[in-house]
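Please look over the two chains shown below, and keep the place where they meet in view while reading.

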Protein chains: 2
Amino acid sequence: MKYELYYWPSIQGRGEYVRLALEDAGAAYDDVARGAGGMAAMSRMMEAGDTPPFAPPFLKAGQLVVGQTANILLYLGPRHGLAPKAEAGRLWVHQLQLTVADLVLEVHDTHHPLGPSLYYEDQRAPAKKRTDEFWKQRVPKYLGYFEQLLKNNGGSYLTGRRLTYADLSLFQIVEGLRYAFPKRTKAFERRIPGLVDLHDRVAARPNIKPYLASDRRIAFNEDGIFRRYKALDL
Amino acid sequence: MKYELYYWPSIQGRGEYVRLALEDAGAAYDDVARGAGGMAAMSRMMEAGDTPPFAPPFLKAGQLVVGQTANILLYLGPRHGLAPKAEAGRLWVHQLQLTVADLVLEVHDTHHPLGPSLYYEDQRAPAKKRTDEFWKQRVPKYLGYFEQLLKNNGGSYLTGRRLTYADLSLFQIVEGLRYAFPKRTKAFERRIPGLVDLHDRVAARPNIKPYLASDRRIAFNEDGIFRRYKALDL
């Protein structure tokens with residue numbers, strides 16, 4: 001069975017957490033909206049069936065359609081060795097992924113504090129304030145938490161000796177922060193040596209390294225979650 | 001086994017979605033931080049064990065500690081008849097709950113657009129702008145989605161003929177919007193007759209009705225997610 005991933009074709013966004021899992025697992029998938037069917041195929045799927053997703057990304061696996069990034073990973077994880085099969089372990093990895101999802105939302109709010117339906121250009125001043133708070137309060141809280149978990153496990157992976165999809169997502173967080181806030185991130189990295197090391201090990205994985213170099217990996221840009229606005233990196 | 005729920009003792013907040021599920025199920029639980037142990041018991045738990053939660057709420061079930069609201073409900077649902085046991089149904093209900101969680105975060109952002117670590121009083125003007133966008137764009141999108149799902153199912157419950165924890169959460173959404181934005185909500189309710197009807201049926205359920213009248217139900221207040229600020233209800 002070949003998975004069908006449905007997500008906006010021109011950004012990494014939330015779909016990237018799913019792409020990284022599928023790529024690391026070596027799973028066969030179509031990134032549908034980037035293919036011949038394009039956005040029309042995605043729109044059709046959003047209106048069809050008994051379980052219409054609220055928003056992309058969503059994954060078609062045979063007859064099943066699963067939406068919400070963390071939920072897709074919950075489904076994929078145990079099937080592809082990216083999460084334990086036992087309930088307690090599955091719930092723990094999912095819990096960490098939901099915490100990553102909260103962080104991702106707060107990243108988005110740095111450039112869209114007045115809401116997702118207005119342009120950044122219409123909210124520059126509040127964006128600057130929110131970003132300052134984000135780096136002062138939220139980044140240390142979130143990344144400090146994940147750094148501590150790594151330390152508790154002797155530095156290998158978030159939940160122990162085996163990589164999970166939550167580790168892949170943390171790679172993306174570090175990568176995204178480096179893109180969006182190069183100066184702030186550089187200054188902060190001395191406080192998260194474990195996360196930086198995890199990032200580097202993920203980037204070098206046998207399936208991730210070629211993926212990152214391929215054109216399947218969309219470049220960061222200012223339509224995604226992580227956006228580079230100079231005014232927010234001061 | 002008696003569950004232990006850990007959450008801030010003076011607000012409904014995110015803990016309320018768990019309380020509603022436990023109450024509807026008639027499950028035995030201690031709301032620990034509201035008991036003799038108080039906040040100290042909660043703080044101790046947050047620093048103990050191999051799977052420390054990032055933030056409340058979290059649930060102790062025997063030896064298992066589960067954090068993140070939607071993850072707790074994922075765990076409780078099939079055990080208490082509040083979600084299907086089969087995987088496809090479990091994922092679908094969870095997907096809806098994660099969409100509710102996104103909405104809850106956007107509700108919080110209406111009064112805290114500049115971030116959770118500043119006071120509302122320090123962000124009144126951006127809060128007004130965010131709230132206007134919320135009601136113009138986001139409420140119609142989210143509640144319109146849930147209303148349509150109810151319609152697709154003939155109006156009974158979100159996912160079919162049986163109530164799930166996602167229905168309980170939607171009760172709380174309607175209740176919260178009515179508290180925080182009485183005028184706006186009143187004007188909007190004509191567009192969501194199915195949700196209003198679902199709200200009323202949940203409120204009348206044999207275990208929910210006495211819960212709502214009991215002192216286990218904390219009153220809405222301006223420390224929670226749903227806050228009544230007159231300036232935001234114009």
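In this predicted model, 44 residues of chain A are in contact with 44 residues of chain B, where contact means that heavy atoms lie within 4.5 Å. Residues are numbered from 1 along each chain as its sequence is written, while chains are lettered from A and ligands numbered from 1 in the order in which they are written. Local features need pLDDT of at least 70, side-chain atom pairs count only at pLDDT 80 or more, and totals for chains, interfaces and linings use all residues, with side-chain values taken from heavy atoms and with hydrogens and water left out.

Between them, chain A and chain B bury about 3,900 Å², of which 62% is on carbon and sulfur atoms; buried area is the accessible area (1.4 Å probe) that two parts lose on being put together, summed over both. Across this interface the rule finds 23 residue pairs in polar contact, both residues being at pLDDT 80 or more. A polar contact is a pair of N or O atoms within 3.5 Å, and within protein one must be able to donate a hydrogen and the other to accept it, with residues adjacent in sequence counted only if both atoms are side-chain atoms.

Which elements give two or more residues to the side of chain A that touches chain B? They are β4 (64-67), α3 (69-79), α4 (87-111) and α5 (124-152) of chain A, helices (H or I, at least four residues) and strands (E, at least two) being DSSP runs numbered from the N terminus. The most is given by α4(A), with 13 residues. By class, this side of chain A has 21 nonpolar, 11 polar and 12 charged residues, where Ala, Val, Leu, Ile, Met, Phe, Trp, Tyr, Cys and Pro count as nonpolar, Asp, Glu, Lys and Arg as charged, and the others, Gly among them, as polar.

In the contact of α4(A) with α4(B), R90(A), H94(A), L98(A), D102(A), L105(A) and D109(A) meet R90(B), H94(B), L98(B), D102(B), L105(B) and D109(B). The residues of this contact divide into 4 nonpolar, 2 polar and 6 charged.

The structure holds 28 salt bridges over all chains, a salt bridge being a side-chain nitrogen of Lys or Arg within 4 Å of a carboxyl oxygen of Asp or Glu. Between chain A and chain B the count is 4. The side chains of R130(A) and D109(B) meet in a salt bridge at 3.6 Å, N to O. Because R130(A) lies in helix α5 of chain A and D109(B) in helix α4 of chain B, this pair joins two chains.

The backbone also deserves a look. Most residues other than glycine have a negative phi, and most peptide bonds are trans. The peptide bond from P56(A) to P57(A), however, is cis, with omega near 0°, and P57(A) lies in the loop between α2 (38-47) and β3 (58-61) of chain A. In chain B, the peptide bond from P56(B) to P57(B) is cis, with omega near 0°. Q68(A), in the loop between β4 and α3 of chain A, has a positive phi of about 75° although it is not a glycine.
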